Amino acid sequence: MEAIVLGGGEEAWARKYGVGSKALVPYQGRPMTEWVLEALKGAGLSAVYVGENPGLSPPPRLTLPDQGSLLANLEAALAHVEGRVLVATADLPHLTPEAVRFVLEKAPEAALVYPIVPKEAVEARFPGNRRTYARLREGTFTGGNLLLLDKALFFQALPLAKRVVALRKKPLSLARLIGLDVLLKLLLGRLSLGELEARARRILGVEARALLTPYPEVGVDVDREEDLVS
């Protein structure tokens, strides 16, 4: 298995640090994305990197230019890998090899596996960090910035995946896309993970599973400059 690291895009606040992409903003003396590449390497994965590469270390196996959007970057990278792949965003400076290995070892067999992290785990490790949460029957969770996917099956779900990615930080909008009954249960905190997975499977046409992970490092990215101090 290989990894894809998505480091494209530009953030206005990143220019303060002399770079365009937040992936290259320094965190503890290194570009943020180097922490991601280091964690992936420590877990035994080589990486295809999408974005500007000014000489990153550890070096990715392959670097591709930014295609202009998250999904376009993912599609470009998928052309250079086979089978099952781990996708990571480049703004996860806290990511560790242990967290990556947990996802790889515990993930169920499915076309899409999406790690989720309990709110209490995030707040214990990163107090004060602002996340987007969804309240489900099993607890309150934030989504991870890692994704395990099967290349062949992923393309079956690509049209809807584009809509889902656009709404990935708007849980209520995602629920509307999935259905009113799901929205109602989500608002009442009665929606279960199993129900959510079943609805995703019905709409996407492929097996999609959530993976409960105790590692908040997979869900705490850098959205704003103030997140750099976490």
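Which residues touch the most other members of the largest nonpolar core? In this predicted model, that core has 32 residues, and those with the most contacts to other members are Val-5, Leu-40, Leu-86, Leu-95, Val-100 and Leu-146. A nonpolar core is here a set of buried Ala, Val, Leu, Ile, Met, Phe, Trp, Tyr and Cys residues joined through side-chain atoms within 4.5 Å. Buried means under 20% relative accessible area, exposed means over 50%, and partly exposed lies in between, with a 1.4 Å probe and protein chains only.

**Basis of the values**

The model is predicted, so that local features need pLDDT of at least 70 and side-chain atom pairs count only at pLDDT 80 or more, whereas totals for chains, interfaces and linings use all residues. Residues are numbered from 1 along each chain as its sequence is written, and side-chain values use heavy atoms, with hydrogens and water left out.

**Overall architecture**

The protein has nine helices and 11 strands. Helices (H or I, at least four residues) and strands (E, at least two) are DSSP runs numbered from the N terminus. The C-alpha trace spans about 50 × 40 × 30 Å along the principal axes. For 230 residues, a compact globule would have a radius of gyration near 17 Å, and the value of 17 Å for the protein agrees with this; the radius is taken over C-alpha atoms, and the globule rule is 2.2 Å times the number of residues to the power 0.38. Of the 230 residues, 48% count as buried. Among contacts (heavy atoms within 4.5 Å) between residues at least 6 apart in sequence, 70% join residues at least 24 apart.

**Nonpolar cores**

The largest core, of 32 residues, draws at least two residues from each of β1 (2-6), α1 (32-42), β4 (47-50), β6 (84-89), α3 (97-106), β7 (112-118) and β10 (146-150). Helix α1 gives the most to this core, with four residues. Apart from this core lies another, of 23 residues, among them Leu-78, Val-87, Leu-158 and Ala-200. When neighbours within four places in sequence are left aside, the contacts of Leu-146 are Leu-86, Val-87, Ala-88, Leu-92, Leu-95, Val-103, Tyr-114, Pro-115 and Val-218.

**Helix faces**

In helix α2 (residues 70-78), the buried residues are Leu-71, Asn-73, Leu-74, Ala-77 and Leu-78. Seen down the axis of α2, these residues fall within an arc of 155 degrees, so they line one face of the helix. The arc is that of the directions from the helix axis to the C-beta atoms. In helix α8 (residues 180-188), Val-182, Leu-183 and Leu-186 are the buried residues. They cover an arc of only 100 degrees around the axis, which puts them on the same side of α8. Just after α8, Gly-189 takes a positive phi of about 70 degrees.

**Aromatic and charged side chains**

A pair of aromatic rings is described by the distance of the centres and the angle of the planes. Rings of Phe, Tyr and Trp (its six-membered ring) pair if their centres lie within 6.5 Å; planes under 30 degrees apart count as stacked, over 60 as edge-to-face and the rest as tilted.

| Pair | Centre to centre | Angle between planes | Class |
|---|---|---|---|
| Trp-13 and Tyr-17 | 6.4 Å | 85 degrees | edge-to-face |
| Tyr-27 and Trp-35 | 6.4 Å | 80 degrees | edge-to-face |

Trp-13 is buried at 17% relative accessibility, whereas Tyr-17 is partly exposed at 32%. Likewise, Tyr-27 is buried at 7%, and Trp-35 is partly exposed at 22%. The ring of Trp-35 also has the charged end of Arg-30 over it, 5.0 Å from its centre. Lys-119 lies over the face of Tyr-133, at 5.2 Å from the ring centre. A charge sits over a ring if NZ of Lys or CZ of Arg is within 6 Å of the ring centre and within 35 degrees of the ring normal.

**Loops and backbone geometry**

A cis peptide bond, with omega about 0 degrees, joins Ser-57 and Pro-58. Pro-58 lies in the loop between β4 and β5 (62-64). Both Ser-57 and Pro-58 are in contact with Glu-34, as are Gly-55 and Leu-56, neighbours within four places in sequence being left aside. Glu-34 lies in helix α1 and is buried, with a relative accessible area of 9%.

Gln-28 lies in the loop between β2 (26-27) and β3 (30-31). Although Gln-28 is not a glycine, its phi is positive, at about 50 degrees. At 61% relative accessibility, Gln-28 counts as exposed.
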